Amino acid sequence: MSVIPGSDAQANIEDQQQELIAVPETSPSGVSRRSLLGRAGILTTAGVAAPLLASVAHAHTKDEDDERSSDGNDYSDFYRDDQYGTLHAKTLRKKSYKARIKAAELEYDVDIPPHPNNGDEARYANKIGTSTKGLKHDANGHVDPESYASFLKALQTRKHEDFEKIILGGTAKLADPQGPLTTALEGVSNAQLAIPVAARLDSAALAAEHIEIYWQALLRDVPFEDYKTGTGNELVQAAVAELNRLPEYRGPKVNGKVTPETLFRSTALYVDYKADRSGKKGKYVVPPETLKGPYISQFLLRPVPAWGTFPAQAQLRPIQTVGESFGTTFDEWLKIRNGISTGRNISTEPGRRHIINGRDLAWLARSSGPTYLHALQILLAAPVAGNPLAGGIGAPLNPANPYVNSKTQSSGSSFSSGFIQGLLALAGPLAIKTSYYQNWFVDRRLRPEDYGGLVHKVLAKGASYPVHRDVLESDAVARTFAANGSYLLPLANNTGAPTHPGYPSGATISAATPVTLLKAFFDENYVIPNPVQVDPADPTRLIPWEGEPLTVGGELNKLVNNVGFGRNFNGFHTRADISASHALGEALAISLLRDQRFTYNETFEGYTFTRFDGTKVTV
């Protein structure tokens, strides 16, 4: 495995503000890392690297201008128009071939970064720090050794037949452990992107992450409208007070303090190679403009224009019953852990409304697949005069788009809305595979529901587990016991979390990847006209937002966190899972955009946009 030495290439990478990707010394064709970075820069327009790849061999050995076909006949007249000259059909074929070679070569030249894990799997023989959901467990919730051995064997051999022999605890199937082993024809491979090492089971950092999740469960039915300075909501006040007492809490702050306005807002987590080249340390940042405006992104509030029809209120959701929770008895918790049905279903109340609280956001985040195509429609459609909610926002394209200022052409293929729609659809499965590589093959970290089980057994049953005292002495955990009679984490979903490890979040990287593509395609600085918020007096209505201006980039950034923390309101993930997925999805999207560069005929200097860490990048 290649590592990242203190070389000139590494300095170049840091200068380009891309700390998740590095490049090897040489590629199979002999292109050097130094020359590739020196001439192109890994995140600048990839087309400038094309001359470096001219020596790549290909299967077609005929001269590029030879018009004679393989059957010996000359079909040059077939490709010729006497008035306008030769149409180079064969040239286009060769260009397509070369584009694939150049993109593949550039992606191969992206180094494999370090993939350290937190050591918990080896540290604890009973695997209490490892995700084992769906496997077979004993009466205490410890994984059955034979079941775990069958699981580990499949991961090690990577054979389909061994995955089919994994011993499960119930009927719930494991979530796609073979997916990360597949390859793709676009973007870097799953192993070429990295996230910081996960916090250890016994750490104060992991305790702080879970204290925040306990507060999210307690605040699930509290309106986001109450997350404001001077709030009279005692639970919001108590959450802010406890999170401020935790030195390892990594949520956003104002002047060093958690406030109601920063509660459960965005952070992104990058590998900090400058601080530690082993890839173990992370750096938390607040994505630009995510502390502005309503908690919910405009892209989850505004109606979605629907191809020539009156836009529907697509963000109105069924209302899950207030106060409902799952997994708060040990018997139900154990069934969920084994992948056995609890016999209970999620109940809903009559009516529909906009997203007003964590329970509503949790509902959306369980199935947020079309959200990014909805965002695209909102961005593309023009506003309707006199009716700000009857159209979209008419966001301008990125100024670098070669058709923005063309006097003679419009685009129907490359650089068009159809082009970006295709990339958005492509991003989904690639994002999941990238996330699952980390989940299954790097750091099989336990889920919040697993951690809550350890907390419960320590406090209620006197068990001895190495969880940090901060969570055992937590106000949120004590309030959870008072409300439910156990210290188990109350879940909003009847089956609990998905059956794959929790770090990072597949749903969030599936948001961060398309959002990065949208930030590249549109003018992220465009101020959204007629912004809205939910009417506090009637959550079926939207009313104008009259606060500070909201931009496309800021509200897209906010959308990623809304989806991610919707998963957290379910009890599926912690902040680190969501934050690391921001950077992971962004890096994947950049590689997809970089590959496309070789396909264009237009003069194109590259998309410039803002990363989640606030730095600019050109691709």
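1. Setting aside neighbours within four places in sequence, Tyr451 is in contact (heavy atoms within 4.5 Å) with Leu201, Leu206, Ala207, His210, Leu446, Val467, His468 and Val471. The model is predicted, with local features requiring pLDDT of at least 70 and side-chain atom pairs counted only at pLDDT 80 or more, while totals for chains, interfaces and linings use all residues. Residues are numbered from 1 along each chain as its sequence is written, and side-chain values use heavy atoms, with hydrogens and water left out.

2. Tyr451 is also among the residues with the most contacts inside the largest nonpolar core, together with Leu201, Tyr227, Leu263, Phe264, Leu361 and Leu518; this core has 117 residues. The greatest contribution to this core comes from helix H18 (residues 575–596), with eleven residues. A second, separate core has 16 residues, including Val143, Phe151, Ala175 and Tyr436. A nonpolar core here is a set of buried Ala, Val, Leu, Ile, Met, Phe, Trp, Tyr and Cys residues joined through side-chain atoms within 4.5 Å. Buried denotes under 20% relative accessible area, exposed over 50%, and partly exposed the range in between (1.4 Å probe, protein chains only).

3. His210, one of the contacts of Tyr451, lies in helix H7 (residues 204–218). His210 is buried, at 2% relative accessible area. Apart from neighbours within four places in sequence, His210 is in contact with Arg447, Pro448, Tyr451 and Thr574.

4. On the chain as a whole, there are 18 helices and twelve strands; helices (H or I, at least four residues) and strands (E, at least two) are DSSP runs, numbered from the N terminus. Of the 619 residues, 57% are buried. Among contacts with a separation of 6 or more, 76% are between residues 24 or more positions apart. The accessible surface comes to about 24,900 Å², and 52% of this belongs to carbon and sulfur atoms; the areas come from the Shrake-Rupley method with a 1.4 Å probe, and for residues only the protein chains shown count as cover.

5. Helix H10 (residues 358–365) is largely enclosed by the rest of the structure, because seven of its eight residues are buried. The buried residues are Gly358, Arg359, Asp360, Leu361, Ala362, Leu364 and Ala365. They pack against strand E7 (317–320), strand E8 (348–353) and helix H17 (552–570). At the N-terminal end, Asn357 caps H10, with a side-chain oxygen 3.2 Å from the backbone nitrogen of Arg359.

6. Arg359 is also a contact of Val322, as are Asp221 and Glu349, when neighbours within four places in sequence are left aside. Val322 is in the loop between E7 and helix H9 (330–338). The C-alpha atoms of Val322 and Arg220 are 8.7 Å apart in space, although the two are 102 residues apart in sequence.

7. Most residues other than glycine have a negative phi, and most peptide bonds are trans. Asn255, which is not a glycine, has a positive phi of about 55°; Asn255 is found in the loop between H8 and E3 and is exposed, at 79% relative accessibility. Glu289, also not a glycine, has a positive phi of about 65°. Glu289 is in the loop between strand E4 (282–285) and strand E5 (304–306) and is partly exposed, at 27% relative accessible area. A cis peptide bond, with omega of about 5°, joins Tyr503 and Pro504; Pro504 is in the loop between helix H15 (475–484) and helix H16 (506–521).

Definitions and conventions:
Polar contact = N/O pair within 3.5 Å; in protein donor to acceptor, adjacent residues only side chain to side chain.
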